[in-house]
Amino acid sequence: MPRRSLFLKVFGTASFTIVAVLYVALIVAVFRNDDKPLTTLAPKGVNAQTIQNLVAPVFGVAGVIFVAVFGAVLYITWRFRDRDDDTPMPSQVHGNSVLEVGWTALPALILAAIAVFTVITIIKLEQRSDDALAVRVYGQQWWWSYQYDVDGDGSYDGQGDITTANELVIPAGREVSLTISSHDVIHSFWIPALNGKKDAVPGMDSHWKIEADQPGVYMGQCTEFCGLSHANMRMVVRALDPAQFDEWVANQQRPARSPEPGSLAAAGEAQFGNLCAQCHVVNGKFEKAEETPPPLLSGVAPNLTHLMTRGTFAGSIFNLYYPQQPGAPVPTPGDPTDASTPGDPGDALFGGTSAYPVNRVTLEAWLRNPPAMKPAAATQKRGMPNLGLSEQQIDELVAYLETLK
Ligand code: CUA
């Protein structure tokens, strides 16, 4: 056998094997998604399931076509390969109306059928239930705010309505109707286990809905490039059973309590009033001064009234509590694994005392120098600036923040 032919044979077989192995590995990796918080293939709510019901059959049909077409290509390549013997050339033909009409019409029919089911899916995702819980969502550099229309009167800042940040707490088994917008640039809201993504566009209201079948924690991530900390703009959805959700609502509606006079926390409250209240609201204590908007491009900073009821802070990239699981290593500030599992506030979620220790190391590091912990352009009014706090001020502020349950 000539050298060249042997080389081609070995090269061809090796290439084919490598491509086949990589392809199978890719498919296996995609479907082994149990521990991947952002997988789109493990729906945990009716809307994500609606999308899955479209995607799975389309993927199946595409898979059959893929195998048929590439199988035919491989077979023909092998069957009619150039041989060293005197096999004559296959007869050369031109034009075959049946084949040509067939391979034009069949894909058109398949795509038309997929289009019908796609439109049905889109219509289903746009339908809204009358008893949905209405929440207004704002994206801003680089965190999410949520305003709840608790009494269902159509306004988000009436009596009993709630404003919170980063963590969206919802009742399991009930539709949550979202109105999504942005205070600065375009972001995108995405909780893959609960629905697809929806852009947050400044000056425009986009409607979306999520629903979780079961109580649980569902992760999300901003999916529209929005500046330096786009990758650090995460969201956490905590779905609670309805009774627990009511308990959470009742606690959120309560204004902040004042710390005991003379305590470290009371000193922290005074520091907060001087240093932080320019941007951060604490209901009942430090309300927003409408005439002097905060010195931020977005005009708002997270409402901290019930900070400690959340498991995470700073765009949900750092944990407020640790360890997340027994024996889990204590995170170091800025460690990317710090919030790979969102912190669990435990009973603090309802204003009680958490069994988990507060992640003071990271909270203090954040107050010491926020832009060092999370990329930001604070000098351009984007993100929390370094206030040059003393260690004494940090101790006092952390003591105060820990009272905000
Ligand atoms: Cu916000 Cu990307």
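## Salt bridges across the chain

A search through the whole structure turns up seven salt bridges, where a salt bridge means a side-chain nitrogen of Lys or Arg within 4 Å of a carboxyl oxygen of Asp or Glu. Before going further, note that this is a predicted model, where local features need pLDDT of at least 70, side-chain atom pairs count only at pLDDT 80 or more, and totals for chains, interfaces and linings use all residues. Residues are numbered from 1 along each chain as its sequence is written, and side-chain values use heavy atoms, with hydrogens and water left out.

One of these bridges pairs K285 with E269, at 3.6 Å from N to O. Helices here are DSSP runs of H or I with at least four residues, strands are runs of E with at least two, and both are numbered from the N terminus. E269 counts as buried because its relative accessible area is 13%, while K285, at 35%, counts as partly exposed. The cut-offs are under 20% for buried, over 50% for exposed and in between for partly exposed, with a 1.4 Å probe and protein chains only.

Take R360 and E402 to start with: their closest N and O atoms are 2.8 Å apart. That pair also links distant parts of the chain, with R360 in helix α6 (residues 360–368), E402 in the segment after α8 (391–401), and 42 residues separating them. R360 is partly exposed at 31% relative accessible area, and E402 is partly exposed too, at 24%.

Then there's E391 with R368, whose side chains meet at 2.9 Å, N to O. Here helix α8 supplies E391 and helix α6 supplies R368, 23 residues apart. E391 has 41% relative accessibility, so it counts as partly exposed; R368 is partly exposed as well, with 34%.

## Charged and nonpolar patches

Now for the surface. Patches are built from residues with over 30% relative accessible area and no salt bridge, joining like charges within 9 Å and nonpolar side chains (Val, Leu, Ile, Met, Phe, Trp, Tyr) within 5 Å. Lys and Arg count as positive and Asp and Glu as negative, leaving out His and the chain ends; the charge is placed at NZ of Lys, CZ of Arg, CG of Asp or CD of Glu. K9, R79, R81 and R83 make up a positive patch. K9 sits in helix α1 (residues 3–31) and is partly exposed, at 48%. A negative patch gathers D82, D84, D85 and D86. D82 is in the loop between α2 (46–79) and α3 (97–126), and it is exposed, with a relative accessible area of 75%.

The nonpolar patch consists of Y23, V61, I65, F66, V67, V69, F70 and V73, which together have about 680 Å² of accessible area. Those areas come from the Shrake-Rupley method with a 1.4 Å probe, and for residues only the protein chains shown count as cover. Helix α2 gives the largest share of this patch, seven residues. Among them is I65, in helix α2, which is partly exposed at 37% relative accessibility.

Most residues other than glycine have a negative phi, and most peptide bonds are trans. Against that background, the bond from Q141 to W142 is cis, with omega near -5 degrees; W142 lies in the loop between β1 (133–140) and β2 (143–149).

N166 isn't a glycine, yet has a positive phi of about 65 degrees. You'll find N166 in the loop between β3 (162–165) and β4 (167–171), buried at 3% relative accessibility. K381 also has a positive phi, near 65 degrees. K381 is in the loop between α7 (370–373) and α8, and is partly exposed at 48%.

Which stretches make up the domains? Domain 1 covers 3–126 and domain 2 covers 264–401, with bounds from an automatic or database domain assignment. Taken over C-alpha atoms, their centres are 49 Å apart.

F245 is in helix α4 (residues 242–253) and is buried, with 5% relative accessible area. The C-alpha atoms of F245 and A172 are separated by 8.6 Å, although the two residues are 73 apart along the chain.
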